[in-house]
Amino acid sequence: MITRRTALMGVALSAVAPIASGITVASADSESMTPIGEKVDLSKVARKKVKLVPPPFVHEHNQVAKDPPSIVEFELLIVEKEHEIDDEGTMLQGMTFDGSIPGPLMVVHEGDYVELTLINPPENQMQHNIDFHAATGGLGGGALTLVNPGEKTVLRFKADRPGTFVYHCAPGGPMIPWHVVSGMSGAIMVLPREGLKDDKGQPVSYDKVFYIGENDFYIPRDANGNFKRFEDVGSSYGETLEVMNGLIPTHVVFNGKAGALTGDNALTANVGDRVLIVHSQANRDTRPHLIGGHGDLVWETGKFNNPPQRDNETWFIRGGSAGAALYTFRQPGVYAYVNHNLIEAVNLGATAHFVVEGDWNNDLMAQVVAPSPYGEDVSAIYKSKKALP
Ligand SMILES: [Cu+2]
């Protein structure tokens with residue numbers, strides 16, 4: 001049973017108003033829920049602490065579970081700070097889990113308990129919480145984790161179904177989309193205890209895993225059309241809301257910044273590596289495509305109890321979900337991994353690069369004739385092609 005201490009998550013204005021007026025926020029106690037039920041005795045369940053790492057990297061983990069289900073302890077520090085989101089110095093007043101956009105990928109196995117310590121340090125301005133799409137009940141944990149600046153909370157949930165799932169902040173009303181498009185999302189991967197299986201039910205594993213979180217940002221402009229910078233997160237709200245409600249993002253990026261995963265930060269692999277790409281978008285649909293490659297096995301909805309699709313050219317990640325694609329690189333070179341709305345990929349930022357080392361396979365592709373002068377005179381063909389006299 002859950003006792004409800006206040007109206008369900010309808011506290012948006014109470015959450016933001018104190019920022020504008022400079023008044024201290026009231027205790028989050030009055031706006032969260034206390035679950036009351038039979039105590040569960042987990043004293044015999046082993047515990048392990050996992051240190052999270054910033055994306056695109058993923059903390060060490062076993063693909064096949066070696067031990068019985070355990071309690072896996074994570075800690076997330078909520079950090080409100082400014083982030084540069086492109087190479088032109090455009091700044092986002094960001095709200096983040098652990099200081100990175102997206103927040104770190106957590107990996108557990110089906111049947112494990114996730115025990116998260118969520119910390120909202122006193123330096124922050126806003127109330128925050130966490131909604132795990134992998135969790136059951138209590139608004140995904142959002143109802144049990146609303147913390148004011150200076151507070152922390154511990155949530156435990158059972159990862160009772162495998163897959164890749166989004167987590168995000170959802171502190172109520174219009175705070176929900178704003179916090180999400182300010183960077184407050186991440187993902188958790190709940191692996192089947194026996195590891196991943198292909199479309200025929202045979203075990204598959206990966207050599208590398210990368211986590212790509214895609215974000216749509218809505219940065220207000222000044223009278224001259226330049227992107228505006230704000231004093232702090234609270235003062236960015238009003239104008240950002242106006243841009244958000246137009247539903248046209250100014251930036252669509254991977255891992256918090258246009259170019260976060262290109263150049264020196266490109267993802268790397270060798271020919272023959274089986275690479276798992278976990279891709280999340282907490283707010284908006286997207287369509288990953290690996291230029292020059294494929295999705296050998298794609299869990300488009302990210303849910304490992306469903307057989308993966310094979311040989312995809314492009315796959316679809318629904319806003320509010322995380323998917324996974326496994327690909328074995330077969331050729332060396334630079335591969336662009338894009339949101340295949342190419343305007344969003346090229347002009348707005350949603351492009352990553354894989355730099356792959358190894359030997360070129362001429363059987364898969366060869367340049368039979370290098371570009372050279374054509375040599376024939378075909379000008380007659382074009383003489384009749386003028387539209388205007
Ligand atoms: Cu938040």
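Trainee: Which residue stands opposite Met106 in β11?
Mentor: Ile188 does. This is a predicted model: local features need pLDDT of at least 70, side-chain atom pairs count only at pLDDT 80 or more, and totals for chains, interfaces and linings use all residues. Residues are numbered from 1 along each chain as its sequence is written.

Trainee: In what sense do β6 and β11 pair?
Mentor: Parallel, over 5 bridges, with β11 covering residues 185-191. Strands are DSSP runs of E, at least two residues, and helices are runs of H or I, at least four, numbered from the N terminus. Two strands pair if DSSP finds at least two bridges between them.

Trainee: Is β6 enclosed or open?
Mentor: 5 of the 5 residues of β6 are buried, so the strand is largely enclosed by the rest of the structure. Buried means 20 or more other C-beta atoms within 10 Å of the residue's own, with C-beta atoms placed from the backbone.

Trainee: Which way do the β6 residues point?
Mentor: Leu105, Val107 and His109 go one way, Met106 and Val108 the other.

Trainee: What's the strand order in the sheet?
Mentor: β6-β11-β10-β8, an open sheet with mixed pairing. The edge strands are β6 (105-109) and β8 (131-132), each pairing on one side only.

Trainee: And how does β8 pair with β10?
Mentor: Antiparallel, over 2 bridges; β10 is residues 163-168. Phe132 stands opposite Tyr167 there.

Trainee: New topic. Which residues does UniProt list for "domain: Plastocyanin-like"?
Mentor: The unreviewed entry lists 87-194 and 210-359. Residues 87-194 are 6% helix and 40% strand.

Technical notes
UniProt positions renumbered as here; feature names shortened; annotations may be inferred. Buried ≥ 20, exposed ≤ 12 C-beta atoms within 10 Å, placed from the backbone.
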